[in-house]
Amino acid sequence: MSQYDYDLFVIGAGSGGVRAARIAAQHGARVAVAEEFRYGGTCVIRGCVPKKLFVYASKFPKEFEDAAGYGWNVSEKPSFDFNALVAAKDKEIERLEGIYRRNLEKAGVELHDTRAVLEGPHEVRLLATGKVVTAERILIAVGAKANIDPGLPGSEHVITSNEAFHLDKLPKSILITGGGYIAVEFAGIFAGMGVDTTLMYRREQIMRGFDDDLRATLHQEMEKKGIKIITQDTVTRIDKEGDELHVTAKSGAQMTFDKVMFAIGRSPNTEGLGLEKAGVVMDASGAIKVSADSQTNVPNIYAVGDVTNRANLTPVALREGHAFADSVYGKKEWVVDHSLIPTAVFSQPEIGTAGLTQAEAEQKYDNLDIYKATFRPMKYTLSGRDEKTLLKMIVDADTDKILGVHIMGPESGELIQMIGVTMVMGATKADYDRTIAVHPTSAEELVTMREPSERIRKNG
């Protein structure tokens, strides 16, 4: 008989924690999970899933306009019920949360609907009852939380992506601060729903860390949609007067909005978790330090997902949780390769990216061939919509290996998934060249680009 109540106790029922708990239980471990809010975590409850539903909703006005180019007569102006969207979204999230719960229960995992904190290397306190339980191993999968500058005068008037999904009504105007994927996605959402939208970012160009051509093109396309983008400026003060928020910027500009949303990054959700009691080491940002196999400095305590600040994406957390469970309980040791992670940004237009940016490739490789194509998607030829698709491929000229692919346009998220498969397999430009094109598609450009648009040679 084990000296512990459980073989594994998981704190946090987001994507990584749920996957780890379920797989570990299927391998025969006695597993429990504690979750203080709702099962499914940020992605399912207040992140990528509801966000994409909102993205879909925000695209319909454009679809109605484009329909006229194809002979459709929308005789009455379409109307939009924001509250109906929120209610439908909530119903779907409730359905998904139920699936997460049922899958854990089917696997034999014991569920604790409470916040849990560490009391020691093997001890966990359930705050709802005060009960302390023990586990041979503990997995921390509590994710991250949205940042708000607490020192900013008027920060109490700010919303984050969390609250954006539960607004009582759609604002007439909104300021979104930040330049990352959450900021640009919500800018597209609100603008598509008819909100007067302004994006403010403290650096020179939005989407830091992405390929420069994508960054510049997205900036242009967002402005075409009526989104005002202010760069190299920040909010220094927010004053509320009635229903209006008066914003003062570092530049001295004065602006008024119905809502101000901060999308300035996320921080590991480790505050008050009891990590110090257990002796778990964190970095300066509060992220839990782990090895490649997700083990902390305390041998029986592991961590996966955004709380480790390695690659803060839901599919990565899933893989990390699965790798942990297989390795520890399934006698199938493996670790997650973080070196090549395909990802999508549901901006408008949509982005898909995998591998190195051109700037990163130029730092690591001497000779590069850059292939690039920009064109109007076929769908918009009859509607006359002025929106461009961008396809870019970065190739090591010495080995012909594809180092990076960056795309922007309709369904880029779907396309980059399969592109990522080819890159993980080590695809070369020659592999793409000998692949027969699927016509007529935007993606066929990736296998028909023959001459580089740019050749970079460090030694002449």
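This is a predicted model: local features need pLDDT of at least 70, side-chain atom pairs count only at pLDDT 80 or more; totals for chains, interfaces and linings use all residues.
**Entry: α1 against α9.** I began with helix α1 (residues 15-26) and helix α9 (residues 314-329), whose axes lie 7 Å apart and pack at an angle of about 25°. Since angles under 35 degrees count as roughly parallel, I therefore noted α1 and α9 as roughly parallel to each other. I then looked up the handedness, and the crossing of α1 and α9 is right-handed. On the α1 side the contact is made by Ser 15, Gly 16, Arg 19, Ala 20, Ile 23 and Ala 24, while the residues from α9 include Thr 314, Leu 318, Phe 324 and Tyr 329. By class, I listed eight nonpolar, five polar and two charged residues in the contact of α1 with α9.

**Entry: α1 against α4.** Next I turned to helix α4 (residues 82-106), which packs with α1 at an angle of about 25°, the axes being 9 Å apart. These two helices are therefore also roughly parallel to each other, but the crossing of α1 past α4 is left-handed. Here Ser 15, Val 18, Ala 21 and Arg 22 of α1 meet Tyr 100, Asn 103 and Leu 104 of α4, a set that I recorded as four nonpolar, two polar and one charged.

**Entry: the cavity.** Among the residues that line the largest cavity I noted Asp 293, Glu 320, Phe 324 and Trp 334, and its lining divides into six nonpolar, two polar and two charged residues.

Notes: Residues are numbered from 1 along each chain as its sequence is written. Side-chain values use heavy atoms; hydrogens and water are left out. Axes are lines fitted to C-alpha atoms, for helices over the stretch in contact, and angles run from 0 to 180 degrees between N-to-C directions. Helices (H or I, at least four residues) and strands (E, at least two) are DSSP runs, numbered from the N terminus. Angles under 35 degrees count as roughly parallel, over 145 as roughly antiparallel, 65 to 115 as roughly perpendicular and the rest as oblique. A crossing is left-handed if the near helix is turned anticlockwise from the far one by less than a right angle, and right-handed if clockwise. Contact means heavy atoms within 4.5 Å. Ala, Val, Leu, Ile, Met, Phe, Trp, Tyr, Cys and Pro count as nonpolar, Asp, Glu, Lys and Arg as charged, and the others, Gly among them, as polar. On a 1 Å grid over the protein atoms alone, a cavity is a set of points where a 1.4 Å probe fits but cannot get out, and a pocket is an open set with protein on both sides within 12 Å along at least five of seven lines; lining residues have an atom within 4 Å of a point.
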